[in-house]
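I opened this model to look up a few side-chain and helix contacts. My notes are below, in the order I made them.

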Amino acid sequence: DQQILHDLKNDDSIPMHIQDLVISTDEIQEKDICRVLILWGHQLFDENENISYAQYIIENIVDTVPFFENELIKTVILDVTQQLNAGIVPGVPYYISHPDKMIANLALEFTMSKYEYSENWSNRWNIFLSTQKAPEENFRSDITNSILRFKLKKYNKAIHEFEKKIKLHDISDAELEIELKSHQYLVKERNNIAGLLKTVVI
């Protein structure tokens with residue numbers, strides 16, 4: 001651990017201002033994952049295992065929730081998690097009639113724009129296509145790959161933020177031991193995902 005900490009403090013291979021530029025907002029991807037949860041979360045992801053898209057997505061992004069930037073999307077994710085824990089797989093009507101008006105309005109927005117298409121968003125952000133109708137032949141693999149790309153970005157962001165704290169000495173000794181273990185976990189998971197996506201991590 002001490003060696004890792006020493007390396008982090010003294011690694012000047014990427015200047016701080018460049019690291020800041022590398023990390024851009026993830027809100028578009030967050031919103032699109034939320035769109036899939038609301039519009040298609042009740043559909044079956046795996047018929048043999050009786051696993052819904054909502055269950056699959058939540059299980060695979062639960063450890064990234066603390067890193068979400070959009071508080072409304074985070075609220076939806078936590079709400080869906082609570083419903084699933086209660087044995088309920090919510091469908092579109094649940095969200096549209098949600099007592100939280102912001103969630104209800106978001107669901108209505110997704111429903112209204114379900115068939116809109118934006119090639120620019122698709123190419124630039126690697127997000128799910130709004131015109132995608134679940135479940136299409138490639139829908140499951142698209143979701144799997146999109147979640148992996150999403151997690152890769154989230155892990156990268158968390159890793160860079162921790163390394164920035166170390167460089168700026170903006171972390172207490174009490175926090176350091178806990179966060180260092182978390183950092184090691186994130187680096188390991190990030191590298192595993194990068195390997196699956198055949199992505200070079202810098």
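These entries cover aromatic pairs, a helix packing and a threonine.

**Entry 1: aromatic pairs**

I noted at the outset that this is a predicted model. I searched the whole structure for aromatic pairs and got 4. I looked up phenylalanine 45 and tyrosine 56 to begin with. Their ring centres are 3.9 Å apart and the planes make 15 degrees. Stacking requires planes under 30 degrees apart, so I logged this pair as stacked.

Where do phenylalanine 45 and tyrosine 56 sit in the chain? I placed phenylalanine 45 in strand 1, residues 44-46, and tyrosine 56 in helix 4, residues 53-61. The two are 11 residues apart, and the pair links distant parts of the chain. I checked burial too: phenylalanine 45 and tyrosine 56 are both buried. I also found that Phe45, Tyr53 and Tyr56 form one aromatic cluster.

**Entry 2: phenylalanine 68**

Next I took the pair of phenylalanine 68 and phenylalanine 150. I recorded 5.5 Å centre to centre and 65 degrees between the planes, an edge-to-face pair. Phenylalanine 68 is in the loop between helix 4 and helix 5 (71-85), while phenylalanine 150 is in helix 9 (residues 139-168). The pair therefore ties together parts that are 82 residues apart in sequence.

Are phenylalanine 68 and phenylalanine 150 buried or exposed? I found both buried. Lysine 154 lies over the face of phenylalanine 68, 5.2 Å from the ring centre.

**Entry 3: helix 3 against helix 5**

I turned to helix packing. Two packed helices are described by the angle between their axes and the distance between the axes. For helix 3 (residues 27-40) and helix 5, I read an angle of about 35 degrees and axes 10 Å apart. I logged their crossing as left-handed.

Which residues of helix 3 and helix 5 make the contact? From helix 3 I listed Glu30, Lys31, Cys34, Leu37 and Ile38. From helix 5 I listed Ile73, Val76, Ile77 and Val80. I sorted the residues of this contact into 7 nonpolar, no polar and 2 charged.

**Entry 4: threonine 111**

I ended on threonine 111, which belongs to helix 7 (residues 101-112). Its relative accessibility is 31%, so I put threonine 111 down as partly exposed. Leaving out residues up to four places away in sequence, I found that threonine 111 touches Leu39, Val92 and Ile96. I also looked up isoleucine 38.

Definitions and conventions: Residues numbered from 1 in each chain as written. Predicted model: local features only at pLDDT ≥ 70, side-chain atom pairs only at ≥ 80, totals over all residues. Heavy atoms only, no water. Phe/Tyr/Trp six-rings, centres within 6.5 Å; stacked < 30°, edge-to-face > 60°. Helix = DSSP H or I, 4+ residues; strand = E, 2+ residues; numbered from the N terminus. Buried < 20%, exposed > 50% of the residue type's maximum accessible area, 1.4 Å probe, protein only. Lys NZ or Arg CZ within 6 Å of the ring centre and 35° of its normal. Axes fitted to C-alpha atoms, helices over the stretch in contact; angles between N-to-C directions. Left-handed = near helix turned anticlockwise from the far one by under 90°. Contact = heavy atoms within 4.5 Å. Nonpolar A, V, L, I, M, F, W, Y, C, P; charged D, E, K, R; others polar.
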